[in-house]
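Me: I am new to this structure and would like a close look at one part of it. Please start with the whole and then go to that part.

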Amino acid sequence: MSSIKIECVLPMNCCCGESPVWEETSSSLLFVDIPAQKVCRWDSLTKQVQQVTVDAPVSSVALRQSGGYVATVGTKFCALNWEDQSTVVLATTDKDKKNNRFNDGKVDPAGRYFAGTMAEETAPAVVERRQGSLYSLFPDHHVQQLFDQVDISNGLDWSLDHRIFYYIDSLSYSVDAFDYDLQTGQISNRRSVYKMEQEEQIPDGMCIDAEGKLWVACYNGGRVIRLDPETGKRLQTVKLPVDKTTSCCFGGKGYSEMYVTSARDGLDPESLSRQPEAGGIFKITGLGVKGICSNPYAG
Ligand SMILES: O=C(O)[C@H](O)[C@@H](O)[C@H](O)[C@H](O)CO
Ligand SMILES: [Zn+2]
């Protein structure tokens with residue numbers, strides 16, 4: 001057994017850090033700070049952070065095949081040009097829901113950008129229920145609504161054989177699975193593969209590892225958990241020194257490290273003094289399992 005090490009590699013003080021994505025070509029970690037309206041890129045070699053500020057809450061970022069990035073900003077799918085810091089709107093969702101914004105998003109193995117929406121929170125995890133939907137942006141920029149009635153659309157990923165789509169609606173306290181048709185991007189047959197235990201709190205961001213097991217960041221639970229979606233069993237718990245762990249991804253050399261984002265918003269002064277690294281970016285090494293590379297948006 002290798003020994004697990006956790007370090008705060010970037011004391012960012014994010015209001016709500018989210019959507020960590022490893023960019024192999026630049027050995028960098030991309031992530032967002034949702035309410036701060038920032039997309040950040042941390043170079044793991046130079047330890048420098050660059051950031052681009054956008055004009056609305058930015059909830060996810062992903063690589064783009066043709067260069068630059070894509071991001072979900074407010075209720076819009078946007079292209080982001082890092083060099084000149086400009087954004088171009090590719091599609092707009094939830095036009096009838098003025099209080100909605102996007103939340104987590106990720107690109108499928110065929111290059112479609114999936115992201116879900118939610119009503120803006122009045123406090124962390126407090127929202128008007130069932131206002132959100134899950135959408136996918138196809139490479140030709142058309143948008144499909146996959147389902148509605150979502151409370152807080154959150155973590156998502158695909159199985160290694162691309163036949164299952166995993167999804168978290170946070171307030172269901174469940175990790176769900178659907179059958180996935182990679183050719184068409186359609187989902188069917190929703191079922192739960194894991195129910196959160198009380199001390200694990202709220203399921204948030206999620207990623208799959210190279211063995212097909214799921215890693216879920218537990219908001220208010222201060223941990224990431226590793227789940228076997230076939231047996232419904234938790235295989236491992238890794239605790240972090242902050243409560244509001246929001247999402248995770250693999251990165252680093254050979255995708256052997258895990259990066260975890262966190263939030264400060266919603267912590268009272270007393271909790272903040274006990275966890276001064278809240279809002280930082282954490283690196284976990286020694287897990288003994290690797291991740292896989294993230295997919296770029298094909299449009
Ligand atoms: O990071 C997110 O996904 C949300 O935007 C956050 O606000 C919290 O995680 C949420 O409140 C817990 O579900
Ligand atoms: Zn989230």
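Of the 299 residues of the protein chain, what percentage count as buried? After that, please look closely at the site of the zinc ion (ligand 2): which residues coordinate the zinc ion?

Reply: This is a predicted model, in which local features need pLDDT of at least 70 and side-chain atom pairs count only at pLDDT 80 or more, whereas totals for chains, interfaces and linings use all residues. Residues are numbered from 1 along each chain as its sequence is written, chains are lettered from A and ligands numbered from 1 in the order in which they are written, and side-chain values use heavy atoms, with hydrogens and water left out.

To take the whole first, 56% of the 299 residues of the protein chain count as buried, where buried means under 20% relative accessible area, exposed means over 50%, and partly exposed lies in between, with a 1.4 Å probe and protein chains only. The protein chain has one helix and 24 strands, both being DSSP runs numbered from the N terminus, with helices (H or I) of at least four residues and strands (E) of at least two. Its C-alpha trace spans about 45 × 45 × 40 Å along the principal axes, and the radius of gyration of 17 Å agrees with the value near 19 Å that a compact globule of 299 residues would have; this radius is taken over C-alpha atoms, and the globule rule is 2.2 Å times the number of residues to the power 0.38.

Now to the site itself. The zinc ion (ligand 2) is coordinated by Glu18 (OE), Asn154 (OD1) and Asp204 (OD), at 1.9 to 2.1 Å. Donors here are N, O and S atoms within 2.8 Å of the metal (3.2 Å for Na, K and Ca), and sites may look incomplete because water is not among the atoms. Angles of 87 to 163° among the four donor atoms make the site of the zinc ion (ligand 2) irregular. Four donors count as tetrahedral if all angles lie between 85 and 135 degrees; four count as square planar and six as octahedral if opposite donors are over 155 degrees apart and all others between 65 and 115; anything else is irregular. For comparison, the ideal angle for four tetrahedral donors at a metal is 109.5 degrees.

Along the sequence, the donor residues of the zinc ion (ligand 2) follow the spacing E-x135-N-x49-D.

Serine 19 has a phi near 55°, a positive value in a residue other than glycine. Most residues other than glycine have a negative phi. Another positive phi, near 50°, belongs to tyrosine 173, which lies in the loop between strand E15 (164-169) and E16.
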